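Q: Could you take me through this structure feature by feature, giving the general idea before the particular case each time?

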Amino acid sequence: MAAPQDVHVRICNQEIVKFDLEVKALIQDLEQSAKEQDKESEKQLLLQEVENHKKQMLSNQTSWRKANLTCKIAIDNLEKAELLQGGDLLRQRKTTKESLAQTSSAITESLMGISRMMAQQVQQSEEAMQSLVTSSRTILDANEEFKSMSGTIQLGRKLITKYNRRELTDKLLIFLALALFLATVLYIVKKRLFPFL
């Protein structure tokens, strides 16, 4: 039957693997979103953030491998020491168990620390994704508003053009009406003053 300490170490390892996969997925999503950005400055900013997350992830993976390697080396050394020394077997087993317990405890603490760091990285990546989604939504809203304003401006331009044409037509009609009025007045004056013409 596995010792509780071994079960705890196994659980820590499983959590670390789970967090590692989550971090990788979030980083890929963030990188894809960064590449889809229209503004070059936002794109570069997000790609830099992606790069920082990748470096942190690699650092966590390295720490995890080192902790596993340290654990394996410590267990191998204890097994070798147990095999090489033939003295008081009971005392040696007790010492070995204590040593293994201390080593296992230290490794468990190290793995838990890595697990916490990876959980924090997952949280940071999720926050970055949320921020990106919010800014994308804001950009889409602004784009929709811009389209709406563009439609209103085009309608205004059409109305002004139509008004200018109507104004020109009105001026022409007023000019023709005035000319007709003056011609009528001249005709009446001519008939009254010079009926013989």
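Reading the features in turn

A: Let us begin with the ground rules. This is a predicted model, in which local features need pLDDT of at least 70 and side-chain atom pairs count only at pLDDT 80 or more, while totals for chains, interfaces and linings use all residues. Residues are numbered from 1 along each chain as its sequence is written, and side-chain values use heavy atoms, with hydrogens and water left out.

Q: How many helices and strands are there in the protein?

A: Helices (H or I, at least four residues) and strands (E, at least two) are DSSP runs numbered from the N terminus. Here the protein has 3 helices and 0 strands, and its pattern along the sequence reads α-α-α.

Q: What share of the residues of the protein counts as buried?

A: Buried means under 20% relative accessible area, exposed means over 50%, and partly exposed lies in between (1.4 Å probe, protein chains only). By that scale 19% of the 197 residues are buried. The accessible surface, computed by the Shrake-Rupley method with a 1.4 Å probe and, for residues, with only the protein chains shown as cover, comes to about 15,200 Å², and carbon and sulfur atoms hold 61% of that area.

Q: Which residues have the most contacts inside the largest nonpolar core?

A: A nonpolar core is a set of buried Ala, Val, Leu, Ile, Met, Phe, Trp, Tyr and Cys residues joined through side-chain atoms within 4.5 Å. The largest one comprises 22 residues, and Ile 16, Leu 30, Leu 111 and Ile 114 have the most contacts within it. Helix 1 (4-35), helix 2 (40-84) and helix 3 each contribute at least two residues to this core. Taking contact as heavy atoms within 4.5 Å, and setting aside residues up to four places away in sequence, Leu 30 touches Leu 46, Val 50, His 53, Ala 128, Met 129 and Leu 132.

Q: Is Val 122 buried or exposed, and what does Val 122 contact?

A: Val 122, which lies in helix 3, counts as buried because its relative accessibility is 5%. Beyond its neighbours within four places in sequence, Val 122 is in contact with Phe 19, Glu 22, Val 23 and Leu 26. The C-alpha atoms of Val 122 and Glu 22 are 6.8 Å apart, although 100 residues separate the two in sequence. Across the protein, 77% of the contacts with a separation of 6 or more are between residues 24 or more positions apart.

Q: Which residue forms a salt bridge with Lys 54?

A: Side chains of opposite charge can pair when their charged atoms come close. The criterion is a side-chain nitrogen of Lys or Arg within 4 Å of a carboxyl oxygen of Asp or Glu. The structure holds 1 salt bridge, formed by Lys 54 and Glu 31, whose closest N and O atoms are 3.4 Å apart. This pair links distant parts of the chain, with Lys 54 in helix 2 and Glu 31 in helix 1, 23 residues apart. Lys 54 is partly exposed, since its relative accessibility is 26%.

Q: Which residues does UniProt list for "transmembrane region"?

A: UniProt positions follow the numbering used here, with shortened feature names, and annotations may be inferred rather than shown by experiment. The unreviewed UniProt entry lists residues 172-189 under that name. In the model this stretch is 100% helix and 0% strand, and its end C-alpha atoms are 26 Å apart.
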